[in-house]
Amino acid sequence: MKGERFSNLLGTVYRCGNLNFTCDGNSVISPVGNRVTVFDLKNNRSNTLPLATRYNVRCVGLSPDGRLAIIVDEGNLVCRSVLHHFHFKGSVHSVSFSPDGRKFVVTKGNIAQMYHAPGRKREFNAFVLDKTYFGPYDETTCIDWTDDSRCFAVGSKDMSTWVFGAERWDNLIYYALGGHKDAIVACFFESSSLDLYTLSQDGALCVWQCDTPPEGLRLKAPTGWKAELLQEAEEDDEEGEEETTVRGKAVPPAEEQQGKVKYSRLAKYFFNKEGDFNNLTAAAYHKKTHLLVTGFASGIFHLHELPEFNLIHSLRRSGCWHPSGSACGLWSRGQSSAHPRVCFAGLGQLLVWEWQSESYVLKQQGHFNSMVSLAYSPDGQYIVTGGDDGKVKVWNTLSGFCFITFTEHSSGVTGVTFTATGYVIVTSSMDGTVRAFDLHRYRNFRTFTSPRPTQFSCVAVDCSGEVVSAGAQDSFEVFIWSMQTGRLLDVLSGHEGPVSSLCFNPVKSVLASASWDRTVRLWDMADSWRTTETLGLTSDALAVTFRPDGAELAVATLNSQITFWDPENAVQTGSIEGRHDLKTGRKELDKVTAKHSAKGKAFTTLCYSADGQSVLAGGMSKFVCIYHVKEQILRKKFEISCNLSLDAMEEFLNRRKMTEFGNLALIDQDAGVEDGVVIPLPGVKKGDMSSRHFKPEIRVTSLRFSPTGRCWAATTTEGLLVYSLDAQMLFDPFELDTGVTPARIRAALRQQDYTRAILMAFRLNERKLLQEALESVPWGEVEVVSSSLPELYVEKVLEFLASSFEVSCHLEFYLIWTQKLLLAHGQELKSREKLSLLLTGLLFTFNSCDWNRYNIQYALAVSKQRGLKRPSEPLGSDEEADASDDDTLHLLGSGQVDGAGQLV
């Protein structure tokens, strides 16, 4: 188990930066830390791109055709793994493509730079600087383009907005607009016009009218030696284009204003009319529908129609949305205002709201604080996580979405686990309760408490799901309850330190408890919970886990060792020294080196693989290690993050931050910026120093292998990371040669040579071609084609069918394929463990079919009741009622339900 690759990021939906809708409006692109997640609103899925920047992503620019994205992080690096990397040598605040997709503008510091957009082909220098624009005196904040890509506007923190020409216009080189008393948050051009809207942080909106239409802009003809120089530059393609600098002035001379474009302010509106003075944090404008959405720090969102400034709708979200960590976007389908959608993000939550129907299209929120524990369901479909915010969330591993959140705990959750049935979740918390949640009715049906208040640090449930145990952190005891009655069965005493971990033997009725008193005790449930064995350790025990067959026990201790024990004979069978494998980093404020600080670091979480041959370990480090148990060697080490925005990522300190006055990390670099704190002079007691920025430390809090053995998950500072063997690549061919092309595949389909077409499609391994090849086979010939497929390709066809059950509308056709393949090749597949994904897909399909069937029955029953309530229609006889029942049964029996919940 060392071929896993990063698959998805769950538990976190938004961190900071701007949001983008795709060109079709069916997906939202959200920056999450140093990664980017795409939320599919149509298929209700989320997918994290297989790239990671070195710092947190600050802004994302999407090309108009949706084929190219520029991702800029706090370290000023544009990163797209398959195209180009570029360093801007400065902090980038925003990036925006021109509507024609030929150029893009980035703002850094008080300047704006326009680059030629990179193409789809490999280029020696993809980012060619075209022009540099000067004008603002403070940092720039926002960009917007005109529809024809002739001009763009830049907002600044110096309360001014600058309009620049993208070409060498004779009557518009630059224009400065004022009229605001606070920093500019957003600026927007009107559709097919140079008219402009500007919004400031104090909630003011200015409407600017231009006296010149876009068609009235005149190109400036070069003269004299400049014309000759420009002609030579155009002829010399190898030398490239020369950079041009445009320097603007706030008050240009009068002779320069003659014959130029002029702006005049038509109106000025204020959002804070009721005295609710909240800072405007984000805004978005849709030019086709003239809709303006604005978001405020208090969680209020307004939807206005411009230019009349008519309030259409107001929405309030609970809680304060951080000014620097909020964003909003607006998208409308097509040219009309049908199904407009508004997207909001802030404080780790992402909302997509359809304002006409006043309903949520997407509503996702991660844990507010760090996640502490996780557990897989027995079938591997769900993951439950518990966090320091006291919330328990259940995630769907197929879609990546959270579908239920339990908020009954009043303090941090310390442990979560599933019962053997997979329908009950048991959690422990620092609030002194252990709670059981039902996934059928989504409710807390059991609450277990101790006779005297105590804080629980861990929880475990036996294989039958009837016995619940929890370890106490302050009373050093283990409490046992009955799941059926909720009564306290026993209190196990004997530990002399806090209980750190509990684990039941999967086969026998034995409970293992690890404690800080350097012992692991084994309690026999069949023998009145007596201590059968006490395992002595050389250091404090932090985690304990049983092998899936119950024949071995693994313990992680504070001295960075993993020891293996035989629970029957209480004999140590092996040990692993993992201090060098942890390879911890040095914090910015550490006084000692990383080598010396590693002596206090250890593995804090352990889990066995599904086959029991490997053990997965993680702790206060950015690495997750997989060890071979029998050989006791390191098989592979995963680096869970390369985000330098987190602390303890580097082994050595950056010497450039060390000055003669001390470490620059002690100074808040973002003080006075946005919501930062202005650091006063020495002796001045002003400002809330508690709100200073800090860098969270990278760590792994929990690890679990999926019961299917195909993936494992880890709760980290970045979120819930899932590593899987089933990670899909964009292009991953199989035994490819020059004779396998899409054209030859379609030619084979036209010749009705279906077996050869399917084999070539799987060798090329493109999903659309696979779907086209399989669906081109007539259902009457599926049996013949299935029997003629080689055994190596049968597994690939089954994997494709399993992944298509949830999204395809041809459910019955794919079920026929599955049936014929299993009938023809079932004997060969019995000896292989490759059917887990297929069985998972089939189970989900059958659940969806049952759900759709019940919904159809309910809809028919409601329609029948509505018909009975109409006074104008007389009641029918019993024979007619029986006939209607027969029709209903006939409809339900003959109809076919697809995976999307529609009747075919």
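Modeller: Helix H6 (residues 754–764) and helix H9 (residues 791–804) have axes that come within 11 Å and cross at roughly 75 degrees. Axes here are lines fitted to C-alpha atoms, for helices over the stretch in contact, with angles from 0 to 180 degrees between N-to-C directions. Helices are DSSP runs of H or I with at least four residues, strands are E runs of at least two, and both are numbered from the N terminus. H6 and H9 are therefore roughly perpendicular to each other; that label covers 65 to 115 degrees, while under 35 is roughly parallel, over 145 roughly antiparallel and the rest oblique.

This is a predicted model, in which local features need pLDDT of at least 70 and side-chain atom pairs count only at pLDDT 80 or more, while totals for chains, interfaces and linings use all residues. Residues are numbered from 1 along each chain as its sequence is written, and side-chain values use heavy atoms, with hydrogens and water left out.

From H6, Leu 759, Phe 762 and Arg 763 meet Tyr 793, Lys 796, Val 797 and Phe 800 of H9, where contact means heavy atoms within 4.5 Å.

A nonpolar core is a set of buried Ala, Val, Leu, Ile, Met, Phe, Trp, Tyr and Cys residues joined through side-chain atoms within 4.5 Å. Buried means under 20% relative accessible area, exposed over 50%, and partly exposed in between, for a 1.4 Å probe and protein chains only. This core has 33 residues, of which Ile 758, Leu 801, Trp 817 and Leu 821 touch the most other members. At least two core residues come from each of H5 (742–750), H6, H7 (767–775), H8 (782–788), H9 and H10 (811–829). Leaving aside residues up to four places away in sequence, Ile 758 touches Ala 773, Leu 774, Val 777, Val 785, Leu 789 and Trp 817.

As for charged pairs, Glu 783 and Lys 820 form a salt bridge, at 3.9 Å from N to O. The term means a side-chain nitrogen of Lys or Arg within 4 Å of a carboxyl oxygen of Asp or Glu. This pair links distant parts of the chain, with Glu 783 in H8 and Lys 820 in H10, 37 residues apart. Lys 820 has a relative accessible area of 22%, so Lys 820 is partly exposed. By this rule the count comes to 18 salt bridges.
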